[in-house]
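This briefing is for a reader who has the sequence and the structure open side by side. Please look at the structure below before reading on.

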Amino acid sequence: MTGLMEIVGLPLLGAATLMVFKGILPGRMAGIWGSLLIGAAFALALGAVVHLGTLPAGHRVVTGTLFTWTTGFGPAIGWRLYLDPLSAAWILIVTGVGFLIHVYSNGYMADDPDIGRFFAELNLFIFAMLLLVLAGNLAILLIGWALVGLSSYLLIGFWYERPSAVRAAKKAFVVNTLGDVGMLIGIVLLYQRFGTVSYSGLFAAMQHAGPGSAFFTWTAILLYIGTMAKSAQFPLHLWLADAMEGPTPVSALIHAATMVTAGVYLMIRLYPLLRLAPGVAEGIGAIGAFTALFAASAAVFQRDIKRALAYSTVSQLGYMFIAVGVGAYAAGVFHFMTHAFFKALLFLAAGSVIHALAGEQDMERMGGLFRKMPVTAVSFLVATLAITGIPGFSGYFSKEAILGQAFQSGHAVLWAVGAFTAGLTAFYMFRVFVLTFLGEPRDQALYEHAHEAPWVMTVPVVLLAVLSIAGDGLGGWLDRWLAPTFHAYLGAAAYAIRGGPLWTTAVAVVLALTGIAAAGLVYAVQKKGAHAGNEYGVGALGLQAWGSDAVWNWAAVVPFKLLGNGVRRVNTGFVAVLDRVAGEVTAFADDLRPIQTGQLRRYVLSMMVGTVVVLAYFLVRF
Amino acid sequence: MPTDWVVALAGAVFAVGAAGVLVRKNPLIMFMSAEMMWNAAALAFVAYARQFHQMTGQVMAFVIVATAAAEVGIGLALIVWIYHRRPRLDVDEISEMKG
């Protein structure tokens with residue numbers, strides 16, 4: 001086991017202790033304790049990964065079974081933890097970025113009376129996420145999968161006095177559960193067919209299968225439905241923007257850096273299955289590309305700074321699924337890591353802004369904040385350049401790796417959509433940057449009160465900014481690091497990180513620069529506000545993500561409500577009938593009440609008469 | 001002595017007991033009447049046991065004696081308890097359990 005259980009256990013310990021003692025612990029202590037445990041988990045994770053690196057390349061797996069979970073139906077399923085180079089990438093990000101966000105939360109949530117519960121739930125999330133990525137079989141993965149959904153639900157609804165937060169939490173939970181059902185069915189199908197759910201067992205069995213069978217296609221589709229819900233792929237993207245009702249560190253950790261990438265992890269983990277269902281892989285790539293474009297186009301119109309970033313997250317997840325679709329797995333992991341850095345940074349910097357403006361999230365009331373919060377602004381700019389794909393920043397390398405391989409593998413359309421989306425990304429990200437930090441303040445009162453965040457918030461932001469620049473160095477390392485995982489089974493021919501032809505890169509960069517220039521022209525030179533263009537018409541539709549909520553309402557929510565109302569009416573009628581029967585029985589019993597006189601001698605008499613009658617009957621009969 | 005006579009005696013004692021239970025209001029007297037009914041039943045058992053040369057009837061008589069003894073223990077305790085709480089012993093007055 002060598003430490004895997006401790007890595008998973010520390011956050012669970014934190015969640016348990018904080019839940020029990022949150023009433024006694026002062027808020028500061030709760031934050032320090034919660035952050036400390038995640039820091040320790042990060043140190044342990046780092047140690048485990050270093051240990052993993054010392055193993056020979058062919059056997060680079062640390063695994064062990066804690067105990068047997070299920071017996072009695074089919075082969076037993078164990079609580080198996082499993083660390084290989086792929087899960088190593090995830091545990092480093094989950095604990096590392098998670099630690100930074102925990103530290104940041106000490107400042108951001110300092111004034112919240114419920115800070116103990118906040119850190120308890122945040123620790124619970126880290127535990128669930130680590131369980132998800134360290135699971136050694138799909139059953140344990142599903143437990144982590146459901147638990148991250150639960151902690152996401154709890155944290156979106158953290159401010160449960162707000163009706164909108166409660167609604168958003170419910171929406172996220174329902175959509176995620178929809179996906180969980182698909183996953184569960186997929187896993188059960190695999191279990192029935194192969195009698196095992198462990199990765200090694202399943203993949204070994206899949207080695208001998210040929211592509212194209214309906215069984216693998218359907219299993220892959222079912223598992224992808226779970227992925228879709230968790231990673232906000234079209235058409236199950238709609239919960240993520242609403243999830244911004246949670247505190248900003250939650251948005252940074254769960255809804256940007258880690259949880260929403262669980263789907264990417266699952267799909268890359270199951271690459272031998274995708275080999276057997278090539279059509280599904282193509283579909284994943286196509287949906288990913290569409291999601292990237294769709295979400296980016298919605299992000300252009302957002303007024304709320306966090307919603308703009310949320311749609312940008314959906315868009316970037318689309319890129320990762322392009323990578324999955326074309327088999328560029330290492331590039332997908334690379335983009336996951338750089339995205340975790342720069343998107344967490346964007347959210348934390350946005351959180352600092354929101355904190356400074358006393359909770360204001362509307363970009364219409366921001367502006368000119370560069371002078372007030374230079375550290376935050378510069379960090380935000382670094383992240384913006386990274387996500388835009390400007391050469392020299394980490395996002396450029398990871399995005400180019402994905403797009404290049406999409407092009408090389410013959411998916412020119414996916415490449416074109418991705419490159420165009422890169423231009424859109426540049427436009428909406430610089431729109432956010434200009435509206436927030438440049439120009440004249442549009443709300444003087446808020447601007448006067450604005451101040452730079454305390455050090456406990458700026459330090460994680462600056463560290464993430466450094467990582468957003470230095471993250472490009474991860475590419476080459478990841479290429480070598482992940483090789484053993486993808487060499488173990490068939491199906492990952494294009495895993496290695498390769499760029500496309502030079503002109504494809506040039507096109508993407510030129511598009512990005514055009515986007516930046518356009519955003520500068522509209523929002524810095526013409527000084528348009530955040531409301532410009534989204535009050536009516538196309539813009540208003542874009543603000544609502546092209547009406548996807550309305551479509552879902554019409555297609556799913558309204559029919560279900562009708563069904564529910566119908567069932568309720570049937571139930572009401574049924575209960576009314578029961579009520580009438582019960583009323584009749586009661587009335588009859590009331591009529592019988594006088595018989596019970598309480599007179600002992602009357603009872604004895606009736607007993608005797610009864611006995612005599614019965615005896616007389618038998619006497620007459622025989 | 002023919003069995004019929006004995007059984008007739010048992011029937012008469014049973015009827016007297018039953019009438020006593022029905023007619024009297026004092027629970028102690030009712031109790032004694034019930035005791036007579038017990039004994040009438042025991043007498044009938046013994047009579048038939050002698051006629052058919054079966055020990056089962058004799059055994060039943062012993063069972064009746066033992067049960068009656070237990071019943072007396074509980075019944076007398078209840079009657080004493082009621083007498084503690086009420087000025088008079090009259091079963092017609094104890095009718096709180098009416099519906």
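The points below go from the overall build of the model to single residues.

The model is predicted. Chain A has 622 residues, of which 52% are buried, and its secondary structure comes to 25 helices and two strands.

**Overall build of chain A**

- Along the principal axes, the C-alpha atoms of chain A fill a box of roughly 115 × 65 × 50 Å.
- Among contacts in chain A between residues at least 6 apart in sequence, 81% join residues at least 24 apart.

**Nonpolar cores**

- The largest nonpolar core holds 216 residues, and the members that touch the most others are Leu130(A), Leu134(A), Ala323(A), Ala344(A) and Leu345(A).
- Helix α15 (residues 329-356) of chain A gives the most to this core, namely 19 residues.
- This core lies between domain 1 (1-276) and domain 2 (282-543) of chain A, because both domains give residues to it.
- Leu130(A) touches Ile7(A), Val8(A), Pro11(A), Ile91(A) and Val94(A), when residues up to four places away in sequence are not counted.
- There is also a second, separate core of six residues, and among them are Ala40(B), Ala44(B), Phe45(B) and Ala47(B).

**Contact between the chains**

- Eleven residues from chain B and ten residues from chain A take part in the contact.
- On the side of chain B that touches chain A, six residues are nonpolar, two are polar and three are charged.

- Helix α8 (residues 214-230) and helix α13 (residues 278-299) of chain A pack with their axes 8 Å apart, at an angle of about 30°.
- Angles under 35 degrees count as roughly parallel, and α8(A) and α13(A) are therefore roughly parallel to each other.
- On the α8(A) side the contact is made by Thr217(A), Ala220(A), Ile221(A) and Tyr224(A), and on the α13(A) side by Gly279(A), Val280(A) and Ile284(A).
- By class, the contact of α8(A) with α13(A) has five nonpolar residues, two polar residues and no charged residues.

**Helix α10 against helix α14**

- Helix α10 (residues 248-257) and helix α14 (residues 305-326) of chain A pack at an angle of about 10°, and their axes are 11 Å apart.
- With this angle, α10(A) and α14(A) are therefore roughly parallel to each other.
- Thr248(A), Ser251(A), His255(A) and Ala256(A) of α10(A) meet Lys306(A), Ala310(A) and Thr313(A) of α14(A).
- The contact of α10(A) with α14(A) has two nonpolar, four polar and one charged residues.

- Ala16(A) sits in helix α1 (residues 4-21) of chain A, and it is partly exposed, with 14 other C-beta atoms within 10 Å.
- Ala16(A) and Asn123(A) are 107 residues apart in sequence, and their C-alpha atoms are 8.9 Å apart in space.
- Tyr329(A) lies in helix α15 of chain A and is buried, with 27 other C-beta atoms within 10 Å.
- Tyr329(A) and Ala298(A) are 31 residues apart along the chain, and 27 Å separate their C-alpha atoms.
- Leu541(A), in helix α23 (residues 537-543) of chain A, is partly exposed, with 15 other C-beta atoms within 10 Å.
- The C-alpha atoms of Leu541(A) and Phe301(A) are separated by 8.8 Å, although these residues are 240 residues apart along the chain.
- Leaving aside neighbours within four places in sequence, Leu541(A) is in contact with Trp546(A) and Gly547(A).

**Backbone details in loops**

- The peptide bond from Phe234(A) to Pro235(A) is cis, with omega near 5°, and Pro235(A) is found in the loop between α8 and α9 (238-242) of chain A.
- Ala232(A) is placed in the loop between α8 and α9 of chain A, and its phi is near 55°, a positive value in a residue other than glycine.
- Ala232(A) counts as buried because it has 28 C-beta neighbours inside 10 Å.
- His53(B), in the loop between α2 (27-52) and α3 (55-85) of chain B, has a positive phi near 55°.
- His53(B) is exposed, with 7 other C-beta atoms within 10 Å.

Methods. Residues are numbered from 1 along each chain as its sequence is written. Chains are lettered from A and ligands numbered from 1 in the order in which they are written. This is a predicted model: local features need pLDDT of at least 70, side-chain atom pairs count only at pLDDT 80 or more; totals for chains, interfaces and linings use all residues. A nonpolar core is a set of buried Ala, Val, Leu, Ile, Met, Phe, Trp, Tyr and Cys residues joined through C-beta atoms within 7 Å. A residue is buried if 20 or more other C-beta atoms lie within 10 Å of its own, exposed if 12 or fewer, and partly exposed in between; C-beta atoms are placed from the backbone. Helices (H or I, at least four residues) and strands (E, at least two) are DSSP runs, numbered from the N terminus. Domain bounds come from an automatic or database domain assignment. Two residues are in contact if their C-beta atoms, placed from the backbone, lie within 7 Å. Ala, Val, Leu, Ile, Met, Phe, Trp, Tyr, Cys and Pro count as nonpolar, Asp, Glu, Lys and Arg as charged, and the others, Gly among them, as polar. Axes are lines fitted to C-alpha atoms, for helices over the stretch in contact, and angles run from 0 to 180 degrees between N-to-C directions. Angles under 35 degrees count as roughly parallel, over 145 as roughly antiparallel, 65 to 115 as roughly perpendicular and the rest as oblique.
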